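This briefing concerns the relation between two chains and the interface that they share. Please view the structure below before reading the points that follow.

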Protein chains: 2
Amino acid sequence: MRTLHDVGEKLAVAEILSRIGSSGAIGLGDDAAAIEIGNRYLVITTDMISKRTHMPDCMSSYQVGWMATAVNLSDIAAMGASPLGLVMAMGLPRELPLDDVMKMTDGIRECVAASGMEYLGGDTKECPELTLTGTALGMVRKDGILLRSAARPGDLIAVTGTIGLAGAALVEIELDEFDPRAREAMLEPRPRLKEGTILSASGVVGACIDTSDGLAMSLYELARASGCGFLLDHDKIPIDPGAVSICERHGLDPDEVTLFSGGDYQLLFTIRLGGLERLRGMLGDDFTVIGRIVPGNGRMLSRNGHLKDLPEKGYVHFIG
Amino acid sequence: MRTLHDVGEKLAVAEILSRIGSSGAIGLGDDAAAIEIGNRYLVITTDMISKRTHMPDCMSSYQVGWMATAVNLSDIAAMGASPLGLVMAMGLPRELPLDDVMKMTDGIRECVAASGMEYLGGDTKECPELTLTGTALGMVRKDGILLRSAARPGDLIAVTGTIGLAGAALVEIELDEFDPRAREAMLEPRPRLKEGTILSASGVVGACIDTSDGLAMSLYELARASGCGFLLDHDKIPIDPGAVSICERHGLDPDEVTLFSGGDYQLLFTIRLGGLERLRGMLGDDFTVIGRIVPGNGRMLSRNGHLKDLPEKGYVHFIG
């Protein structure tokens, strides 16, 4: 009998969706689902993290609570929605100190407060594996929703902030080293909520996705959902200087953390032809154009004037 | 350092709420939270089940999916809301057969479909402990929301359906016996969604809660939230005949499964003075009046004309 380990995450998810795929819901397979309420969409997303898979030993209880909240808010941001509220289900081992639960709660509260939203409630259950499932709600005007599938040939590809610091932190954790800024980037990601609402309001943004699974994987997802190809300009990727120095220190290939490592929780989005200046005016300098959407199936990386295929690589559950 | 096992579920939850209690949200500490949207409330609830705590070995994968869905829909029903949609986060061990995941998915789909709502999407993660977290949304008119805190002295106490079959099934499972009807009642509970919307529309219902934690615990929660006492008439409780015969067969005290065992997922609610006839007209015969809300702090059980205190007993996480 085939196990999840045999088939991997992508096939398993495809099989699940083929059984339960909804006709009515918008955004199934997107960062979040959307339901029509009047002239707006209610956006909903759920994300689970658990001890063995998502919480390295160096992660504090505060960071566990923060992370479980932030990953959900990042999905709300990727839809262009304003955050409305969060619920959190906590599966807690009975031997866990109450103090740890309080620090987790602090992390949830601080991340919720930093996002200007409400904590709505939750569920507390006994579970041998520490597991937190957050579910976040957001609201967005119908004509402002950002979907993965809305990219068109000719769109520019852009990304907020810098790339690679969370991936570099993961490398450091494996080597038992410690760069505080990198570690905070990885363990306390800042969901790009403000940027998401600006992208939504701009009227010049096409598709959007967060980079939680890495730049290459996220770009593949976006291109696949939109039925387009892409040309990624390697020389323009805003690699985080901290990531570069961590890679230099350990003699690592920076591409691994830049292209194929996840955890940065930036927004990767496309800009309609002629929309760049308007978006600069609204969003300022905290984003970088890194490529272009093209017709067809090409998934190309341009580097020093040479073109090659960008591999579809990143974190995959059940196999990795 | 005090662990969750030391302090128990109630204190842990109280501590969590003291740190993160929201000012704005209605229904924190209720079966579900509520957010104002126009002249309605959006109701949201989240509920986690995991292998060791909630899934006996005899539970099929289909039933795991059904149960993870139904427990959430029961909370929506208890708020008097119409179901809107569901998301499900699944934490899956890598060695789990894909076939089991498909059967779980079938269980989710069937329970969602039976409730006339949409499956909106979800999350699939690797987790060593099989864990499912459902989050359900509902909508209810502002003046129709049912809260635990709305009981008033003089209200009648009533419950839908019958009580005790799920608790009796739990006893049988421990004894390795098998009554198919009891087992289905326990492992495939039917959330009382239709009844919840009728209670909401009736205009004569006060407080409402589901009986997932058992009749005694649920009644205590409702009375505590409303600042009232209760008088429960033991002779009127609609004990399921199947539960009676299981108890007789094993020489058990039927009170244990009737009063103190959870899992029936009926609605326990109160009816305003003079509202009983109107509710009979709308809901028919599938509910029973079992007591009365009284002023003060008394939590009494009347039996054969004798009064005694009803103990606050039921399933408690981390300790039980």
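This is a predicted model: local features need pLDDT of at least 70, side-chain atom pairs count only at pLDDT 80 or more; totals for chains, interfaces and linings use all residues.

The same surface serves both, since 100% of the contact residues of chain A recur in chain B.

**Extent of the interface**
- Chain A and chain B each give 70 residues to the contact (heavy atoms within 4.5 Å).
- About 6,400 Å² is buried between chain A and chain B, and carbon and sulfur atoms give 70% of this area (accessible area, 1.4 Å probe, lost by two parts on being put together, summed over both).

**Salt bridges**
- The interface of chain A and chain B holds 4 salt bridges (a side-chain nitrogen of Lys or Arg within 4 Å of a carboxyl oxygen of Asp or Glu).
- A salt bridge joins the side chains of A:Asp106 and B:Arg19, at 2.7 Å from N to O.

**Contributing elements**
- Elements giving two or more residues to the side of chain A that touches chain B include helix 1 (4-20), helix 4 (98-114) and strand 5 (131-141) of chain A (DSSP runs: helices H or I, at least four residues; strands E, at least two).
- Helix 1 of chain A supplies the largest share of that side, 10 residues.

**Conventions**
- Residues are numbered from 1 along each chain as its sequence is written, and chains are lettered from A in the order in which they are written.
- Local features need pLDDT of at least 70, side-chain atom pairs count only at pLDDT 80 or more, totals for chains, interfaces and linings use all residues, and side-chain values use heavy atoms, leaving out hydrogens and water.
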